[in-house]
Amino acid sequence: MTERKPPGVSFESFVDKQIREAAERGEFRSLSGFGKPLPDDTAPYDELWWIKGKMHREGASVLPPSLALRKEAEDAEAAVAEAVSERQVRRVLGDINTKIAEALRRPPAGPPLNLTLFDVEATVERWRAERA
């Protein structure tokens, strides 16, 4: 908006005119939220709304280290189920076992870890049986 408000025109009518003219020119159609409903305005105000929104858009998560490792262990189990080779199963389990062993040596802050090392050989045998 480069135009200045003329003297004698109320601010509200000047702004309304600018918005109307921009809408007529189609300048709002290229905005990311065009045509989408407005967010819920009945929720209580949150000072960190923009941080939470950015973290959600980027897929970031802030979990205590012990919970993050539990989630990683669940993801490893899912990766084993999707694995296409025994080598891949062993690599996934080796990676997560290294992290679990480190966490067991020096327990992370937060809730209890409640994890044990994966039995690689038993898991590989189970994986083979599922593929047969």
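This is a predicted model: local features need pLDDT of at least 70, side-chain atom pairs count only at pLDDT 80 or more; totals for chains, interfaces and linings use all residues.

Ile51 belongs to helix α2, which covers residues 49-58. Ile51 is also part of a nonpolar patch on the surface, together with Tyr45, Leu48, Trp49 and Trp50. The accessible area of these residues together is about 620 Å².

Let us stay with helix α2 for one further residue, Glu58. Glu58 counts as exposed, because its relative accessibility is 56%. How far apart in space are Glu58 and Pro39, C-alpha to C-alpha? The distance is 19 Å, and the two are 19 residues apart in sequence.

I turn now to the protein as a whole. It contains 5 helices and 0 strands, and along the sequence the pattern reads α-α-α-α-α. The C-alpha trace spans about 85 × 35 × 25 Å along its principal axes. What radius of gyration does the protein have, and what would a compact globule of 132 residues have? The protein has 27 Å, whereas such a globule would be near 14 Å. Of the 132 residues, 17% count as buried. As for contacts between residues at least 6 apart in sequence, 58% of them join residues at least 24 apart.

The largest nonpolar core has 16 residues. Those that touch the most other members are Leu69, Val80, Val89, Ile96, Ile100, Leu115 and Phe118. Which elements give two or more residues to this core? They are α3, residues 65-82, α4, residues 86-105, and α5, residues 120-131. Helix α4 gives the most, with 6 residues.

Leu115 deserves a separate word. Leaving aside residues up to four places away in sequence, Leu115 touches Leu69, Arg70, Ala73, Ile100 and Leu104. Among these partners, Leu69 and Ile100 are also named with Leu115 as core residues that touch the most other members.

Finally, I draw your attention to Asn114, in the loop between α4 and α5. Is Asn114 buried or exposed? Asn114 is exposed, because its relative accessible area is 64%, and exposed residues are those over 50%. The phi angle of Asn114 is near 55°, a positive value in a residue other than glycine.

Thank you for your attention.

How values were computed: Residues are numbered from 1 along each chain as its sequence is written. Side-chain values use heavy atoms; hydrogens and water are left out. A nonpolar core is a set of buried Ala, Val, Leu, Ile, Met, Phe, Trp, Tyr and Cys residues joined through side-chain atoms within 4.5 Å. Buried means under 20% relative accessible area, exposed over 50%, partly exposed in between (1.4 Å probe, protein chains only). Helices (H or I, at least four residues) and strands (E, at least two) are DSSP runs, numbered from the N terminus. Contact means heavy atoms within 4.5 Å. Patches are made of residues with over 30% relative accessible area and no salt bridge: like charges are joined within 9 Å, nonpolar side chains (Val, Leu, Ile, Met, Phe, Trp, Tyr) within 5 Å. Accessible areas come from the Shrake-Rupley method with a 1.4 Å probe; for residues, only the protein chains shown count as cover. A salt bridge is a side-chain nitrogen of Lys or Arg within 4 Å of a carboxyl oxygen of Asp or Glu. The radius of gyration is taken over C-alpha atoms; the globule rule is 2.2 Å times the number of residues to the power 0.38.
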